[in-house]
Amino acid sequence: MSHGKQFTLYTHVGGPNGWKVASVLEELGLTYESTYLNFQSAEQKSPEHLRLNPNGRIPTIIDHGNNDFVLWESDAILLYLGEKYDTRKRLTVTDESEKHQMLQWLFFQASGQGPYFGQAAWFIRSNPEKIPSVINRYTKEITRIFGVLESVLVKQEWLVGGKMTIADMSFVMFNHFTLVHLVPTGHLGDFDFWKDFPATAAWHARLTAIPSIKKVIDQRACMLQKES
């Protein structure tokens, strides 16, 4: 471990999943060194990275304080960090029913929000051919998923346990990415976050005001600006 920090985080400047992990590392006060992989040259598919992460994506962590333990998949990493290093249970829950609810939200984020928001971003921003039917499908999923969150957050401030947990933190970076990079394109129509999903918008505002989350959002914005 040449950099002297507990974790190495393989990530990407633009990708929300890596910043999600960084925000939890920051919130738990864990030291880490980020290695930003260049997707244009397919560094995430390099033999060196594939030895760590056979899926060839980000994020990947190495926990040097735990015999160089390697883990990939962002929500699996959040669970690991919460279970092993959140000794005061600030970001996790202890009640058995709430543990299952927290897992429920993490699975929903991984199977619903991440893939659909990510596909919307690809077809709006990166795919050379603009296919209206495909864009329409994924942007409708964005509003549907916001609607699912709204139906719960209108009744409570946080997803589970009456406090911010890794479940809430798992959503924030994709929400931020969508609001900053996709909504301004106009492909979501007359989308108005505060008008259409006021409880979810308030929840997002609470999350992005947390110093650890604000720090990684600002860092991401600064790095993207330098790249542009």
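This is a predicted model: local features need pLDDT of at least 70, side-chain atom pairs count only at pLDDT 80 or more; totals for chains, interfaces and linings use all residues.

A pair of aromatic rings is described by the distance of the centres and the angle of the planes. A search of the whole structure finds 16 aromatic pairs. Two of them are set out here.

| Aromatic pair | Centre to centre | Angle between planes | Arrangement |
|---|---|---|---|
| Trp19 and Tyr36 | 5.9 Å | 35° | tilted |
| Phe146 and Phe197 | 5.6 Å | 40° | tilted |

The pair of Trp19 and Tyr36 links distant parts of the chain, 17 residues apart: Trp19 belongs to helix α1 (residues 16–27) and Tyr36 to strand β2 (residues 32–36). Trp19 counts as buried because its relative accessibility is 2%, which is under the 20% limit. Tyr36, at 26% relative accessibility, counts as partly exposed.

In the other pair, Phe146 lies in helix α5 and Phe197 in the loop between α7 and α8, so the pair ties together parts that are 51 residues apart in sequence. Phe146 is buried, with a relative accessible area of 0%, and Phe197 is buried as well, with 10%. Both residues also belong to a cluster in which ring pairs link Phe117, Phe146, Phe191, Phe193 and Phe197.

Helix α5 itself covers residues 132–153. Its 22 residues reach 31 Å from the first C-alpha to the last, close to the 32 Å expected at 1.5 Å a residue. Among its buried residues are Ile135, Tyr138, Ile142, Ile145, Phe146, Leu149 and Leu153. An α-helix has 3.6 residues a turn, so residues three or four places apart point the same way. Which helices do the buried residues of α5 pack against? They pack against α4 (96–126), α6 (166–182), α7 (193–196) and α8 (198–208).

On the α5 side, the contact is made by Phe146, Leu149, Glu150 and Leu153. On the α8 side, Pro198, Ala199, Thr200 and Trp203 take part.

Conventions
Residues are numbered from 1 along each chain as its sequence is written. Side-chain values use heavy atoms; hydrogens and water are left out. Helices (H or I, at least four residues) and strands (E, at least two) are DSSP runs, numbered from the N terminus. The expected span of a helix is 1.5 Å times one less than its number of residues. Buried means under 20% relative accessible area, exposed over 50%, partly exposed in between (1.4 Å probe, protein chains only). Contact means heavy atoms within 4.5 Å. Rings of Phe, Tyr and Trp (its six-membered ring) pair if their centres lie within 6.5 Å; planes under 30 degrees apart count as stacked, over 60 as edge-to-face and the rest as tilted.
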